[in-house]
Amino acid sequence: MLYLASQSPRRAELLTRLGLRFGQIPLDIPEHRQPGEPAEEYVRRVAREKAGAGLLTVVATPGAVVLGADTEVILDDEVFGKPADEADAAAMLRRLSGRTHRAVSAVAVVSAGREAQALVVTEVSFAELSDDDIAGYLATGEAMGKAGAYGIQGRAEQFVTRLAGSYSAVMGLPLHETSQLLRGFGIVPSAAPSISRD
């Protein structure tokens, strides 16, 4: 049985696209970068911790496989997590304006006897954003709860002038790499979506 160690509706939607049945495990894992910790290793660690914590909750389930993921926006080695409030979101968007940042997405898949992981780095370039652009986007409410204060699958897509890498990874779950990892655990994506969220 596959479990998604996340409450993210975006990750659930993306995993559904692989045609897999899965349950969801609600977790609240602290996300704090350690002093001196490389940004990409931080993203990897959080994904591993989510998967590991999820496995602990379903370890009694025979054949349980747990997927954990983390996606962060990184600019000049600074990790832009979820904004604390609208002012924080506006500050992030001003920093991203006219720049190219990295959206780093890590996926960890664990079972009682195995662990595998993938890291995907996508370069995203933003147009120059005016104060009106930022205010208008904040008014949609999309900025809150998303790394870097934007959701590429929403209205922020209009800000993107170039993307090199995985669109689904920027959303929160790189589908190609995820499907390859799951195959290694004997979970094969199908063409016909079928979901079960326990």
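Me: Which residue does Lys50 form a salt bridge with, and how far apart are the closest N and O atoms?
Reply: Lys50 pairs with Glu31, and the closest N and O atoms sit 3.4 Å apart. Keep in mind that this is a predicted model.

Me: Where in the chain are those two?
Reply: In distant parts of it, 19 residues apart. Lys50 is in helix α2 (residues 39-58), while Glu31 is in the loop between β2 (23-24) and α2.

Me: Is Lys50 buried or exposed?
Reply: Lys50 is buried, at 9% relative accessible area.

Me: OK, new topic. What about Arg45, what does its side chain meet?
Reply: Glu37, in a salt bridge at 2.7 Å, N to O. Arg45 counts as buried because its relative accessibility is 14%, under the 20% cut-off. Glu37 is buried too, at 9%.

Me: And which residue does Asp76 bridge to?
Reply: That one is Arg99, with the closest N and O atoms 3.0 Å apart. Asp76 lies in the loop between β3 (65-75) and β4 (78-80), and Arg99 in the loop between α3 (86-96) and β5 (100-111), so the pair ties together parts 23 residues apart in sequence.

Me: How exposed are they?
Reply: Asp76 is exposed, with 56% relative accessible area, whereas Arg99 is partly exposed at 33%.

Me: Which residues do salt bridges with shared partners join into one network?
Reply: Glu31, Lys50 and Asp70.

Me: Last one: how many salt bridges does the structure hold?
Reply: Eleven.

Methods: Residues numbered from 1 in each chain as written. Predicted model: local features only at pLDDT ≥ 70, side-chain atom pairs only at ≥ 80, totals over all residues. Heavy atoms only, no water. Salt bridge = Lys/Arg side-chain N within 4 Å of Asp/Glu carboxyl O. Helix = DSSP H or I, 4+ residues; strand = E, 2+ residues; numbered from the N terminus. Buried < 20%, exposed > 50% of the residue type's maximum accessible area, 1.4 Å probe, protein only.
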